[in-house]
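This briefing covers selected local features of one model.

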Amino acid sequence: MSDDYRAVAQQLKTYFNGLHYSDTVLLRRVLHPKARYVTATGEELVNLSMDEYLPIVAKRASPASRGEERKDEIVSIVFAGPKTAFAIVHCAVGERYFTDFLTFIKDRGRWQIISKVFHYDIVTGDTRKREDETCLT
């Protein structure tokens, strides 16, 4: 396992912790300031900057505070070169089960997410159903 792979995997752990605890300090460590947050799951395309997205996270009750079980998973990490990587991850927030496509860049020696494009399904019990409304994670 390369140092870059370990560095991206560590950033993903920080990302999962930031989401689970609604911790924008942690998320700012892993999300590039110019990153985009995008989903087409609902009726309207959602395409936010970090200045728009992170205040939403800061205002919500964290999954940890609601006693939610963590369901984080790194599906894959692929490198396109020495400064570009792509990760597919799964995580859950409430009844929403997310598949995130995360593009990383290595900027100034540090791996950060430059784009987060995701889809979510609603999970109730053991059932997964598509949701047609947008939720910001």
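A residue counts as buried under 20% relative accessible area, as exposed over 50%, and as partly exposed in between. The model is predicted. Arg 6, at 42% relative accessibility, is therefore partly exposed.

**Salt bridges**
- Asp 3 and Arg 6 join their side chains in a salt bridge, at 2.9 Å from N to O.
- Both Asp 3 and Arg 6 belong to helix H1, where three residues of spacing make about one turn of the helix.
- Asp 3 is exposed because its relative accessible area, 59%, is over 50%.
- Arg 66 pairs with Glu 68 through a side-chain salt bridge of 2.7 Å, N to O, and Arg 66 is partly exposed at a relative accessible area of 43%.
- A salt bridge of 2.4 Å, N to O, links the side chains of Arg 70 and Asp 72.
- Arg 70 is partly exposed at 31% relative accessible area, and Asp 72 is partly exposed at 29%.

**Loop between H1 and H2**
- Ser 22 sits in the loop between helix H1 (3-20) and helix H2 (24-30).
- With a relative accessible area of 12%, under the 20% cut-off, Ser 22 is buried.
- Leaving aside residues up to four places away in sequence, Ser 22 touches Val 57, Arg 60, Ala 61, Ser 62 and Pro 63.

**Strands S3 and S4**
- Strands S3 (residues 73-81) and S4 (residues 84-93) run antiparallel and are joined by seven bridges.
- S3 and S4 form a hairpin, with two residues between them.
- Gly 81 has Thr 84, in S4, as its bridge partner.

Technical notes:
Residues numbered from 1 in each chain as written. Predicted model: local features only at pLDDT ≥ 70, side-chain atom pairs only at ≥ 80, totals over all residues. Heavy atoms only, no water. Pairing = 2+ DSSP bridges. Helix = DSSP H or I, 4+ residues; strand = E, 2+ residues; numbered from the N terminus. Buried < 20%, exposed > 50% of the residue type's maximum accessible area, 1.4 Å probe, protein only. Contact = heavy atoms within 4.5 Å. Salt bridge = Lys/Arg side-chain N within 4 Å of Asp/Glu carboxyl O.
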